[in-house]
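Please consult the sequence and the structure shown here.

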Amino acid sequence: MAHHGGSDPESEPNTRLYNPYQDLNLQVPINNLYKLPTSPEFLFAEESLHQRRSWGENLTFYTGSAYLGGSVSGAAVGFFSAFRNFEQGDTLKLKINRILNSSGHTGRSWGNRIGVVGLIYAGMESGVVAVTDRDDVWSSVAAGLATGALCRAARGVRSAAVAGALGGLAAGTVVAGKQVLKRYVPI
């Protein structure tokens with residue numbers, strides 16, 4: 001029988017807690033062993049005030065996620081490209097070779113490009129959060145704007161401005177979508 005909120009199982013007359021140490025004569029109150037805290041414990045009080053990942057975790061998460069997403073997307077594009085380029089006399093072995101080569105090449109290429117964008121975004125977001133000491137939607141939007149502008153800066157001011165606007169919009173959309181999912185989708 002599962003215990004759901006409400007009353008304490010010790011105060012219910014028809015239940016008792018199982019104590020595997022009852023015959024050991026321990027000097028420690030056994031209830032302390034089973035009543036675990038429900039909130040995370042931190043070494044320093046300052047850590048409990050900030051509910052966010054560190055810059056290193058941010059860097060690893062965004063870079064890895066971007067590389068994985070880019071690799072999978074690129075592999076899919078490479079697969080369909082190889083499938084379109086089949087020739088009439090190709091054997092099964094040659095078709096498989098063409099699919100693997102095209103998927104691998106395109107997947108690596110896209111993964112590297114998008115992984116670098118994730119790396120830049122993680123650095124920008126960590127920098128914005130460190131400077132403003134706020135981790136909210138606007139920090140993510142600013143990081144997306146800066147990332148888009150930096151990635152297209154070599155192509156001119158207009159291209160950088162458009163890419164920055166698109167990057168800020170994309171980051172804001174992702175963060176807002178995450179908040180909506182947290183609020184309305186029970187996990």
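The crossing of α4 and α5 is right-handed, a term that applies if the near helix is turned clockwise from the far one by less than a right angle, with anticlockwise being left-handed. Helices here are DSSP runs (H or I, at least four residues), numbered from the N terminus. The model is predicted, so that local features need pLDDT of at least 70 and side-chain atom pairs count only at pLDDT 80 or more, while totals for chains, interfaces and linings use all residues. Residues are numbered from 1 along each chain as its sequence is written, and side-chain values use heavy atoms, without hydrogens and water.

**Confidence.** The mean pLDDT (the predictor's confidence in each residue, from 0 to 100) of the protein is 83, and 76% of the residues score at least 70.

**Helix packing.** The table gives the angles, from 0 to 180 degrees between N-to-C directions, and the distances between axes, which are lines fitted to C-alpha atoms over the stretch in contact.

| Helix pair | Angle | Axis distance |
|---|---|---|
| α3 (residues 55-84) and α4 (residues 92-132) | about 155° | 5 Å |
| α5 and α6 | about 150° | 6 Å |
| α4 and α5 | about 135° | 8 Å |

The contact of α3 with α4 comprises 15 nonpolar, 18 polar and two charged residues. In this classification Ala, Val, Leu, Ile, Met, Phe, Trp, Tyr, Cys and Pro are nonpolar, Asp, Glu, Lys and Arg are charged, and the others, Gly among them, are polar. The crossing of α3 and α4 is right-handed, and that of α5 and α6 is right-handed.

**Largest pocket.** The largest pocket holds about 1,200 Å³ of space. A pocket is an open set of points on a 1 Å grid where a 1.4 Å probe fits, with protein on both sides within 12 Å along at least five of seven lines; lining residues have an atom within 4 Å of a point. Of its 38 lining residues, Tyr62, Tyr121, Glu125, Ser140 and Val175 are the closest to the centre. Two or more lining residues come from each of α3, α4, α5 (137-151) and α6 (157-184), and α6 gives the most, with ten. By class, the lining has 17 nonpolar, twelve polar and nine charged residues.

Methods: Points joined across faces, edges and corners; volume = space filled by probe spheres on them.
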